[in-house]
Amino acid sequence: MTDATEKSDAFVVPTKSPNEARLGAEEVAEGRSAAAGNTEEQNASRTQRRIHAQRALHRVHEAATRDRKQRFTALLHHVTIDRLHDAYQALKRKAAPGVDGVTWSEYGQSLGSNLVALHARVHRGAFRAKPSRRVYIPKPDGRERPLGIAALEDKIVQRAVVGVLNAIYEVDFLGFSYGFRPGRSQHDALDSLATAIGRRKVNWVLDADIRGFFDTIDHEWLVKFVEHRIADKRIVRLIQKWLAAGVLEDGKWSSTDGTPQGATISPLLANVYLHYVLDLWVQQWRKRVARGEVIIVRYADDFVMGFQHEADAVRFQADLHKRLERFKLELHADKTRLIRFGSHAQANRRERGQGKPETFEFLGFTHICGKTKSGKFMLHRRTSKKRMRARLKQIGIGLRRRRHLPLPEQGAWLGAVVRGYFAYHAVPTNIHRLDSFRSQVTRTWLQALRRRSQRSRLSWARMDALSKRWLPSARIAHPYPWDRFDDRTRSRSRVR
């Protein structure tokens, strides 16, 4: 999580395997194409081909591990018809179509011939990236987040390429990077942060947010970063095509900076960009400049840092501004804060007459300086009020649409929504916020049912019975973060 010398967890071999001719170990390591005319492989079953392809991709990973500076000159041959097929199957069936208007089911009606043609276009360089369709989704603060919905074939090829590149970049990415990586989740990042704050000497916290990160990634720098490891010009050209594709909004095309949020390849490219701009720099900064302990946990463009000394925190924030400016990025002034936090924060603020320690938010939870029953410091986490209000608003809209459906259908839908909410937010120290959420959902449901008729006499007693029948009770579903962190890392390092 926060150990600068620690690298990523062991590589997770993608479950989506390609269909390709068997490659010798020397061919994969050197990036050469396989010899033609392998009749045994031509007759192999899809399962056998997938096994061979999986091994070939694993050898790419091993080559990347042996030489951290090796540049891979031939990777496109790993994008096979079978890998494209698995990428198609991994897409969401009911996802909105892009500018091509093609849905998942429509493309699948002639899947075999479509994939053969797509594979041929990709390998002869005739594939043309289509612009993303611009849509907007609401954010918890009331604003709208722009998303780019890629065309179906772009999604397929992007997912296949990401599967190949992950074999290399999962070697390079550092242990404190958690966003959109195989085998890593938001709760892994939260566990890591909680463990670091509890076990390391953290007295100050920098809660940082990069302004409009996905929209301000510089294409020229990004390509340079990719080429540090990827020397296959065909892969690089594919990435450049997606970057230059632009967006289509209200029938008008426009070029864009950055990478559209919503594109399958955007999270990987964002991680590559921040790996070179932020992660490696932070690793060196805390080794060479910091006088005390420094921790960091990053999830995509949101990251939290902890410092032992205020002087280190102040200097780092100033250096960070300069570092990001060099790569055409900037911190969000309103969302970036340096606060006193940790086991001594409450006593230090009380001495200064400043009241309770400040809090910060990360991945949907408000982090609070709390205590155990014995009076020892303990990090408390509560569901962000802003996120909870936004979710309740969405539930209210959904209930209004289902107002006249039978009660069992409403109850089944609402129960599934609440269970999904609890699955993420049911962490230790958050039980009261879960109870509050369930109560608010019940109240919202009652209001929707009473509006079905002016003569409605639905009582709270009846509503309480419906709530007990259909809505799950609030209970903690996650272990304490440090316990799960220790189990996940298996004592490889105390704090990553």
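Helices (H or I, at least four residues) and strands (E, at least two) are DSSP runs, numbered from the N terminus. The protein has 19 helices and 11 strands by this rule. The model is predicted, so local features need pLDDT of at least 70 and side-chain atom pairs count only at pLDDT 80 or more, while totals for chains, interfaces and linings use all residues. Residues are numbered from 1 along each chain as its sequence is written, and side-chain values use heavy atoms, with hydrogens and water left out.

**Figure 1. Overview of the chain.** Of the 496 residues of the protein, 52% count as buried (buried is under 20% relative accessible area, exposed over 50%, and partly exposed in between, with a 1.4 Å probe and protein chains only). Contact means heavy atoms within 4.5 Å. Among contacts between residues at least 6 apart in sequence, 73% join residues at least 24 apart.

**Figure 2. Helix α4 (residues 81-90).** This helix is mostly covered, with seven of its 10 residues buried. Those residues are Asp82, Arg83, Leu84, His85, Asp86, Ala87 and Tyr88.

**Figure 3. The salt bridge between Arg181 and Glu170.** A salt bridge is a side-chain nitrogen of Lys or Arg within 4 Å of a carboxyl oxygen of Asp or Glu. The whole structure contains 15 salt bridges. In the one shown, the closest N and O atoms of Arg181 and Glu170 are 3.0 Å apart. Arg181 lies in the loop between α7 and α8 (186-199) and Glu170 in helix α7, so the pair ties together parts that are 11 residues apart in sequence. Arg181 is buried, at 5% relative accessible area, and Glu170 also counts as buried, at 7%. Tyr178 is placed in the loop between α7 and α8 as well. Tyr178 is buried, with a relative accessible area of 0%. From C-alpha to C-alpha, Tyr178 and Leu190 are 9.6 Å apart in space, and they are 12 residues apart in sequence.

**Figure 4. The salt bridge between Glu330 and Arg211.** The closest N and O atoms of Glu330 and Arg211 are 3.5 Å apart. This pair links distant parts of the chain, 119 residues apart: Glu330 is in the loop between α13 (310-326) and β8 (337-340), and Arg211 is in the loop between β3 (204-209) and α9 (213-216). Glu330 is partly exposed, with a relative accessible area of 46%. Arg211 is partly exposed, at 35%.

**Figure 5. The salt bridge between Glu220 and Lys224.** The two side chains meet at 3.8 Å, N to O. Glu220 and Lys224 are four residues apart in helix α10 (residues 219-227), so they are separated by about one helical turn. An α-helix has 3.6 residues a turn, so residues three or four places apart point the same way. Glu220 is exposed, at 54% relative accessible area, whereas Lys224 counts as partly exposed, at 39%.

**Figure 6. Arg403, a buried residue without a salt bridge.** Arg403 is found in the loop between α15 (385-401) and α16 (407-425). Lys and Arg count as positive and Asp and Glu as negative, with His and the chain ends not counted. The nearest side chain of opposite charge to the buried Arg403 is Glu409, 14 Å away. Apart from neighbours within four places in sequence, Arg403 is in contact with Gln410, Ala448, Arg451 and Arg452.

Figure 7. On a 1 Å grid over the protein atoms alone, a cavity is a set of points where a 1.4 Å probe fits but cannot get out, and lining residues have an atom within 4 Å of a point. Grid points are joined across faces, edges and corners, and a volume is the space filled by probe spheres set on the points. There are two cavities of 30 Å³ or more. Helices α7 (152-172), α11 (233-244) and α12 (266-288) each supply at least two lining residues. The lining divides into nine nonpolar, six polar and two charged residues (Ala, Val, Leu, Ile, Met, Phe, Trp, Tyr, Cys and Pro are nonpolar, Asp, Glu, Lys and Arg charged, and the others, Gly among them, polar).

**Figure 8. The second largest cavity.** This cavity holds about 30 Å³ of space. Its lining consists of Ala194, Met378, Leu379, Arg381, Pro428, Thr429, Tyr480, Pro481 and Trp482. Both β11 (377-383) and α19 (481-489) supply at least two of the lining residues, and β11 gives the largest share, three residues. By class, seven are nonpolar, one is polar and one is charged.

Terms used:
1 Å grid on protein atoms, 1.4 Å probe; cavity = no way out; pocket = protein on both sides within 12 Å on 5 of 7 lines; lining within 4 Å.
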